[in-house]
Amino acid sequence: MQSEAREAKAEAVRHTRLERVPISIGIGETIGHAKVSEAVERFRQRVPQAEIELIVDANDTLLAGLREGEFDLVISTLEVSEELYRIDPLYQEAYRVVVAKGHPLSELPAVSLADLADTTMLDRPNCEMREALHGACTDHGHTLYAAYRSNRVDWLVELARRGSGAVILPETSIPDHDNLVSLPVADMEIARDVAALRFRHQASRSETNELVREFSRN
């Protein structure tokens, strides 16, 4: 009886594995984790057999992987050809200035470009809105000074938390931390559109379609 029970259990495990649905998602390295992780968890509550792989990498690498079938979809802010890619808009998010509590900017209702020019900045070279921000500052006669540069959000957030300067981040990249304050930019609207990209020459499963819809939910 014990042998039969073990075999029945092993057969059940094999059957469950056959029903699993692997979904590989490429995520741009500037995409915040908050909305993505929340959507994935909601999706798996409805589709528990789904196995989600989340790969963070540079956009060019992700698009190449998408075309080669390594990813089912890519979450990115890139503008791409509609002839090659199916583009599903997911959400728009604003950028905010992040500083430590006690930083000179932390008590302001909003931060002006002049305020930023007088502040030590923490620069993210791979930020999509970097050129627009620096261009706006130049148009207003301001220059931003960055004492630190990194392509890693977590490093810049930690520097901001320690009072080393101010960093501008999209809303979904800002952690909920007691020692951090996020503030809007007063002189210009800085926002980006995030989309799910799928290669048109690759078939899309119903589970992937459902996951994309979950990403677009508020």
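Tutor: On a 1 Å grid over the protein atoms alone, a pocket is an open set of points with protein on both sides within 12 Å along at least five of seven lines, while a cavity is a set of points where a 1.4 Å probe fits but cannot get out; lining residues have an atom within 4 Å of a point. Grid points are joined across faces, edges and corners, and a volume is the space filled by probe spheres set on the points. As for the source, this is a predicted model, in which local features need pLDDT of at least 70 and side-chain atom pairs count only at pLDDT 80 or more, whereas totals for chains, interfaces and linings use all residues. Residues are numbered from 1 along each chain as its sequence is written, and side-chain values use heavy atoms, with hydrogens and water left out.

Student: What volume does the largest pocket have, and which residues are the closest to its centre?

Tutor: The largest pocket has a volume of about 360 Å³. It is lined by 18 residues, and the closest to its centre are Glu29, Ile31, Gly32, His33 and Val153. Two or more lining residues come from each of β1 (21-28), α2 (33-46), β2 (50-57) and α6 (153-161); helices (H or I, at least four residues) and strands (E, at least two) are DSSP runs, numbered from the N terminus. The lining divides into 8 nonpolar, 7 polar and 3 charged residues. Here Ala, Val, Leu, Ile, Met, Phe, Trp, Tyr, Cys and Pro count as nonpolar, Asp, Glu, Lys and Arg as charged, and the others, Gly among them, as polar.

Student: How many cavities of 30 Å³ or more are there, and which residues line the largest cavity?

Tutor: The count is 1 cavity of 30 Å³ or more, and the largest has a volume of about 40 Å³. Its lining consists of Asp72, Arg198, Phe199, Gln202, Ala203, Ser204, Arg205 and Thr208.

Student: Is Tyr85 buried or exposed?

Tutor: Buried means under 20% relative accessible area, exposed over 50%, and partly exposed in between (1.4 Å probe, protein chains only). Tyr85 has a relative accessible area of 4%, so Tyr85 is buried. Phe199, at 14%, is buried as well.

Student: Which residues have the most contacts inside the largest nonpolar core?

Tutor: A nonpolar core is a set of buried Ala, Val, Leu, Ile, Met, Phe, Trp, Tyr and Cys residues joined through side-chain atoms within 4.5 Å. The largest has 21 residues, and Val97, Val99, Leu113, Leu116, Met121, Leu133 and Ile168 have the most contacts inside it. At least two of its residues come from each of β4 (85-100), α4 (113-117), α5 (130-139) and β8 (180-184). Another core, apart from this one, has 20 residues, including Val36, Phe43, Leu73 and Val194.
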